[in-house]
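Keep the structure open beside the text and follow along.

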Amino acid sequence: MLYGVSMTSDLEGLYSALLDRQYQPALFGDLEGFHSTAGGYIACCPFHAERTPTLLIHGSRPGYFCFVCGARGDWIDYLLRRKKDLSYGDAVGRLESEAGIRISTGEVLWRSELLLSETLEAMQGRAVAELWSEIGLEARSYLGLRGYTQEEIEGMELGLAPAAQSLHESADAVLSPPIREAVLEALRASYGTQPVLTIPCRDAAGRLMGLYGRDIRGAGERAYRPLTDMTRLRHVPFLMHRARGHARIVVVQGFLDALLADRIGITGVVGVGRSGLTPDLLATTVRYGARKFLLSLDTVQATFQAIDRIEAAGCEAEVVDRPERYPDTDAYIRDNCINKFGKLLEKTIPAKEWLSRNHESSL
Ligand SMILES: [Zn+2]
C-alpha cells in the first residue's frame, strides 16, 4: 500500500509503506539461517562470527538486534553497516525505489531519530524489568486492582520508572557520556519523585518516539503526563502503528483503554488523549487508510466534535453505545466479558441518529 508522495515525505511514511509490504525478507533474506518467528524473523548475524541465528528482525517495526554482539539499529543503519561504501543517500534511495515514494529526511535528522528511539527502547526495557521486580509491587497491585491480568500487563508492554534517579541510571547504563547529556537534555525531566507506569508511544512505523507516564497514586486525566518530548508524536494517534491499513478504526479515549482493547483482540484501535480526535490525529488515520470511525469517547462534547471533523473529512462516523454507567471504555471492558465490547462495536449508532438523540436530551 502506498501513501501519496506529498503526505509521506518522511521516514515514518517510507518505513510504514515497506512494513505493509513485509519488506524484511527482501532486506535480510540473504542472511544464513533466515526464517520467520512469532514476532518477526531471525537469522545469523553478519556483524560477528557465529553460525547460530542471533539476529532478531522485528516484524512490526524497522529494527534489528543481535543479542550476542549487540548490533542494533533500523533498516537504513543496517544497509550502511553491511556495505561500507554505501552513502546515506544510496541507502535511502534503495528503500525509496522499493516503496515507490520519495522522502526529504536528511542524514542528521535520521540519526537523531534513530538515537532517540534506540535510547527509549533501552530505557523502556529497563522500566519493564523494574515493574516485575520487587520495586514494582505497588504498581502491580494498582494494575491488579484495576482488573488487569499479568498476561495483559505484559502484552501491553507497560514498565515502571520508580523516580527521577532511575531515569538517569538507565541513561547511564545505555549511553556513552556525551550522547547521554544530549539525550537527557532532550528528555523532559518530569519523572519526579513518585513512581510512574511508563507507556511506550510509537510512531506510525512502530518506532518508539516517546514515553507517557501514568502516576499510580494520582487519579483521572491529571495522572497522565508525558515523560519525554512528544513533539514527534503530536500527529500520531496512540497505537497507530497497529491500526495502519484498517478502514474501520475504533477511537477510544485514554492510553490504557486503547491498550486493553487492542490486547483483547479488537483490531484497528487507536487511543486519543484529553484533546480528543484533533484534526492532526484524524488526518494521520485517514492517510493510513481509515474511512469509518467507531467512537468510544468519554464525553458527549468530544463525540460531537469528532463527528464534525470526521464528516468534514468525507468519512463515516458511528458511536459506540456504551451504557451510561460506564465512564470510559476501560471500565466497560473490565466489568464485562471481553466479547461484549466486540458485540458493542457491531451495534454502533450512526452519527446522524446519535446527534439527534443527544440534541433532544440536551434540550
Ligand atoms: Zn551479532
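## The zinc site

Along the chain, the donors of the zinc ion follow the spacing C-x2-H-x17-C-x2-C. This is a predicted model, and in it the protein donors are Cys45 (SG), His48 (ND1), Cys66 (SG) and Cys69 (SG), lying 2.1 to 2.3 Å from the zinc ion. What arrangement do the four donor atoms make around the zinc ion? The arrangement is tetrahedral, because the donor atoms subtend angles of 103 to 117°. For orientation, the ideal angle for four tetrahedral donors is 109.5 degrees.

The site also ties together distant parts of the chain: Cys45 sits in the loop between β2 (40–44) and β3 (53–58), while Cys69 sits in the loop between β4 (63–66) and β5 (72–74), 24 residues apart.

## Cysteines, buried and partly exposed

How accessible are these cysteines to a probe? Cys66 has a relative accessible area of 0%, so this residue counts as buried. Cys45 is buried as well, with a relative accessible area of 5%. Cys69, in contrast, has 37% relative accessibility and therefore counts as partly exposed.

Elsewhere in the chain, Cys315 is at 10% relative accessibility and so counts as buried. A disulfide, as a reminder, is a covalent bond between the sulfur atoms of two cysteines.

## The nonpolar cores

Which residues have the most contacts inside the largest nonpolar core? They are Leu158, Ile199, Val251, Phe293, Ile310 and Phe341, in a core of 73 residues. Helix α11 (residues 255–263) gives the most to this core, with six residues. Both domain 2 (111–232) and domain 3 (240–362) supply at least three residues each to this core.

Leaving aside neighbours within four places in sequence, the contacts of Ile199 include Leu158, Tyr212, Tyr224 and Phe238. Phe255, Leu256 and Leu259 are also among the residues in contact with Ile199.

## The chain as a whole

Stepping back, the secondary structure of the protein chain comes to 16 helices and 14 strands. Of the 363 residues in the protein chain, 51% are buried. Among contacts with a separation of 6 or more, 60% are between residues 24 or more positions apart.

Technical notes
Residues numbered from 1 in each chain as written. Predicted model: local features only at pLDDT ≥ 70, side-chain atom pairs only at ≥ 80, totals over all residues. Heavy atoms only, no water. Buried < 20%, exposed > 50% of the residue type's maximum accessible area, 1.4 Å probe, protein only. Core = buried A, V, L, I, M, F, W, Y, C linked by side-chain atoms within 4.5 Å. Helix = DSSP H or I, 4+ residues; strand = E, 2+ residues; numbered from the N terminus. Domains from an automatic or database assignment. Contact = heavy atoms within 4.5 Å. Donors = N, O, S within 2.8 Å, 3.2 Å for Na, K, Ca; no water. Tetrahedral: all angles 85-135°; square planar, octahedral: opposite > 155°, others 65-115°.
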